[in-house]
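Q: I have a model open and want to go through it piece by piece. Can you take my questions as they come?

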Number of protein chains: 2
Amino acid sequence: MIKIALDAMGGDNAPHEIIAGAVLARKQADIDITLVGDQARIEQTLVELKTDLKFPIIHTSEVVSMGDHPSDVLRKKKDASIFVATRLVAEKRCDAVVSAGSTGAQMAGAIFILGRFKGIDRPGIGQVIPNVNGGFGLLCDAGAVADCKPLNLVQFALMANAYAKTVMGFDNPRVALLNIGEEEEKGSELAQETYKLLKKANLNFTGNIESKDLVKGIADVYVSDGFTGNVVLKTVEGVATSVMKLVKKAATENISGKIGGLFLKTNLNKVKKMFDYAEYGGAPLLGVNGISIICHGRSNRVAIKSAIMQAVKCVENDLVSKIIQATS
Amino acid sequence: MIKIALDAMGGDNAPHEIIAGAVLARKQADIDITLVGDQARIEQTLVELKTDLKFPIIHTSEVVSMGDHPSDVLRKKKDASIFVATRLVAEKRCDAVVSAGSTGAQMAGAIFILGRFKGIDRPGIGQVIPNVNGGFGLLCDAGAVADCKPLNLVQFALMANAYAKTVMGFDNPRVALLNIGEEEEKGSELAQETYKLLKKANLNFTGNIESKDLVKGIADVYVSDGFTGNVVLKTVEGVATSVMKLVKKAATENISGKIGGLFLKTNLNKVKKMFDYAEYGGAPLLGVNGISIICHGRSNRVAIKSAIMQAVKCVENDLVSKIIQATS
């Protein structure tokens, strides 16, 4: 049975929604989920959730807060739930770790406790991006490495490609480089050098993609440095949220709007959900010796459940070996 | 009287919408607009537009196409409308140039024909960004300089600040650095170094801003390298367009949606317009010895009219001197 280590203390809605997510996942599939965190609070939450399901609990005394600096929290809070959960994977007692806590701490933990792949300079974060056709693409790096060399971007491409094939079910993912123009010679020095390397790589490289086309579904893997990737991700999220707020306002601001809003409500909620990252489970950290799924801080129980199911899919399909194969 | 040189041949809808924009502007204000381009086509368009207004025309035989490379088009097509129009400003025969043609060619023309300010390493493009409160901020650089040093970003900040004060009417613009976290130590090396310099600059520097907050209206000037700025801009545009398309689909896909859509139509059109850059006139090129306003390629007559009025405002308020003051 696949074993997931769940950081019960990480995230804006921890531990309640995190544990509720574990309950949902257990109802959906036959998996073993270890809850890592403050035992008393976890037990209390299980009572609140009125569930009969039993979960193994590993008690930890410390929690990483958003104010902790990722680079020294690993040293200062060894017993934090995210590190204890990651150690369960390193010690092969669990197959994957899932957390909605501090991304920096989770990355530091994965890199130092699980270790990087041989040959991988810097691990990257893969983030699923919805498109207007109802499909998905994968952006990598979504924020792990702010300053990148061309080699890093090529490795992100290879790892994301392996993930898109193995976990997302793409046969031959279309890999595109995020750039500020479509032609080969466009963009920063980094983009131009990366373009040359991607052309030669063992990938279905389709050239540059501009960010305005990102949600159109014309590629499956979007390659980017972590700074740009993170900016894009947060722009998509911010703009989609803001536009939907304006639409909501439009649907309440006068009589005609209110009537329209009433009739449109169900349909509009579907649109809103399409761009809500909290709905998409998590973002895999690619390039470490184990499965570590990073969830949005705002994750609710459904998002946590999706992330757990995503982790299961990574384990079932032996993602780590596939990525090692793709990058060696 | 203020004299504008208008590139009649640049843009997806040239010359018809460009010249229609000139007609609108002339109806609104007492300005002199010189139409630069193919004389026969301009005269034909004026007939089509059924206007009695007379415009000085300067005939040019060449047009920059989107396929031309900006770096050699200035040499190869000396008589292209954008370069002739820019020369009118350099020779003080006009006060500002407005174009919806190739941004690269317009920039090359401005830099080599008008010249850069002394001390300004690289001119930047300022782009007005709408916010959800109905207000606006200015992003700089929006795509002129893909590879930046911290000094470039500080100069963008000072120039954009001067523009925000002089042309947009902000008393004491809140200047924020676009970054992937709010804390000072976050982000790329470039962002970290720039942060230190902006703190010391003569600016109302409010710290980092994340792209998810860009359309929230919590700052007035957003400082960025041109690669990131361009990516953000195109993401805002792409996501806003895509979300509004989905909303439109939601308002037509079933009976209840159709009824709702009918009642909501007017309100939703307002939301759609808020994020349509073609509506906002143009983007000033900051750091050259003259006013050069870059319009969106898709500009319609209203956008061209707005850009002309924006150019007038730049001239009236002596933007060039204000920027020289701010950066020297």
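A: Pro15(A) is a place to start: Pro15(A) sits in the loop between strand E1 (3-7) and helix H1 (16-28) of chain A. Helices (H or I, at least four residues) and strands (E, at least two) are DSSP runs, numbered from the N terminus. This is a predicted model, where local features need pLDDT of at least 70 and side-chain atom pairs count only at pLDDT 80 or more, while totals for chains, interfaces and linings use all residues. Residues are numbered from 1 along each chain as its sequence is written, chains are lettered from A and ligands numbered from 1 in the order in which they are written, and side-chain values use heavy atoms, with hydrogens and water left out.

Q: What kind of peptide bond joins Ala14(A) and Pro15(A)?
A: A cis one, with omega at about -5 degrees. The bond from Cys140(A) to Asp141(A) is also cis, omega being near 10 degrees. Asp141(A) is in the loop between strand E6 (136-140) and H6 of chain A.

Q: And H6(A), is it buried or exposed?
A: Of its 17 residues, 14 are buried, so H6(A) is largely enclosed by the rest of the structure. Buried means under 20% relative accessible area, exposed over 50%, and partly exposed in between (1.4 Å probe, protein chains only).

Q: How many residues are in contact?
A: 49 residues of chain A with 49 residues of chain B, contact meaning heavy atoms within 4.5 Å. The two chains bury about 4400 Å² between them, 71% of it on carbon and sulfur atoms. Buried area is the accessible area (1.4 Å probe) that two parts lose on being put together, summed over both.

Q: How many salt bridges between the chains?
A: Two. In one of them Glu210(A) pairs with Lys234(B), the closest N and O atoms being 2.3 Å apart. A salt bridge is a side-chain nitrogen of Lys or Arg within 4 Å of a carboxyl oxygen of Asp or Glu.

Q: Which helix of chain A gives the largest share of that side?
A: H8(A), with 17 residues.

Q: OK, chain B. Where is Asp213(B)?
A: In the loop between strand E8 (205-209) and strand E9 (221-223) of chain B. Asp213(B) counts as buried because its relative accessibility is 7%. Its side chain makes a polar contact with the side chain of Lys216(B) at 2.8 Å. A polar contact is a pair of N or O atoms within 3.5 Å; within protein, one must be able to donate a hydrogen and the other to accept it, and residues adjacent in sequence count only if both atoms are side-chain atoms.

Q: What caps the N-terminal end of H10(B)?
A: Asn300(B), with a side-chain oxygen 3.1 Å from the backbone nitrogen of Val302(B). Just after H10(B), Asp318(B) takes a positive phi of about 55 degrees.
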